[in-house]
Amino acid sequence: MQYGILVIGDEILSGRRKDRHLDKAIELLAARGECLSWAQYIGDDPALIESRLRESMQGDTIVFSFGGIGATPDDLTRQCAANAAGVPLTRHPQARAIIEEKFGAEAYPKRILMADLPDGCALIPNPYNRIPGFSVGDHHFLPGFPVMAHPMMAWVLDTRYPVAASHRYVEQEIYVHDVPESELIDLMQQIIDMHPQTKLFSLPLHSDEGIRRIELGLKGELARVETAMRELLGELDRLGIRWTHER
């Protein structure tokens, strides 16, 4: 499975607030042996939000969107999600009941707007203040507040996308010493060609003392990564190139 996140709001792009969703999404996925495929930040621009959602809804990526589902005029995500999905924005009966129970008469006329959601969506429970998020297919829309959004994301992952241990995603790396990266290009290409269902990464590291090392690794499903890594290490040994597991 591939995962992406959208972080929506001018306050992130202007620096008034610091994003905390990217790190948490990486953490939650890593605990399951998975990783993000992409992340994108978008301001409060309805045309841009709608366009990005429409594009991502055409693919197979599981997307978590943070922000813009409140009741104020700058909360645009609910309408944009409905437009992108090609459905009307309608008052969700269960969300309406939750908001009415929580706020009573004060639910009207404004707070109840948070129950106006894309037609046919499913609710995501909010353990912090009960105001739900919602799912449109594999797109999951959460509040911008981390204290609410992060347990909601964890709930969606555990409920909708349980992961079998045999498909666990891993990253394995070694450190190659005293050789320029250019001398490893042919070997890298060989590993990529023979193991196309893994991803190879190469990150040169330079210390203040000028010591040259390359962090060389593979990521993907556990069994595939282990097979490719054995071949990579064997080729390094055959070429007489020194490597270690530690920097």
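The model described here is predicted. In this model, Asn129 is part of the loop that runs between strand S6 (122-124) and strand S7 (133-136).

### Surroundings of Asn129

The side chain of Asn129 takes part in two pairings listed in the table, one with the side chain of Asn126 and one with the backbone nitrogen of Ile131.

| Asn129 group | Partner group | Distance |
|---|---|---|
| Side chain of Asn129 | Side chain of Asn126 | 2.7 Å |

When residues up to four places away in sequence are not counted, Asn129 touches Lys102 and Met148.

### Packing of helices H3 and H4

Helix H3 spans residues 46-57 and helix H4 spans residues 77-85. The two helices pack with their axes 8 Å apart and at an angle of about 45 degrees, which means that H3 is oblique to H4. The handedness of the crossing of H3 and H4 is right-handed.

On the H3 side, the contact is formed by Pro46, Ile49, Glu50, Leu53, Arg54 and Met57. These residues meet Cys80, Ala81, Asn83, Ala84 and Ala85 in H4. By residue class, the contact of H3 with H4 comprises 8 nonpolar, 1 polar and 2 charged residues.

Methods: Residues are numbered from 1 along each chain as its sequence is written. This is a predicted model: local features need pLDDT of at least 70, side-chain atom pairs count only at pLDDT 80 or more; totals for chains, interfaces and linings use all residues. Side-chain values use heavy atoms; hydrogens and water are left out. Helices (H or I, at least four residues) and strands (E, at least two) are DSSP runs, numbered from the N terminus. A polar contact is a pair of N or O atoms within 3.5 Å; within protein, one must be able to donate a hydrogen and the other to accept it, and residues adjacent in sequence count only if both atoms are side-chain atoms. Contact means heavy atoms within 4.5 Å. Axes are lines fitted to C-alpha atoms, for helices over the stretch in contact, and angles run from 0 to 180 degrees between N-to-C directions. Angles under 35 degrees count as roughly parallel, over 145 as roughly antiparallel, 65 to 115 as roughly perpendicular and the rest as oblique. A crossing is left-handed if the near helix is turned anticlockwise from the far one by less than a right angle, and right-handed if clockwise. Ala, Val, Leu, Ile, Met, Phe, Trp, Tyr, Cys and Pro count as nonpolar, Asp, Glu, Lys and Arg as charged, and the others, Gly among them, as polar.
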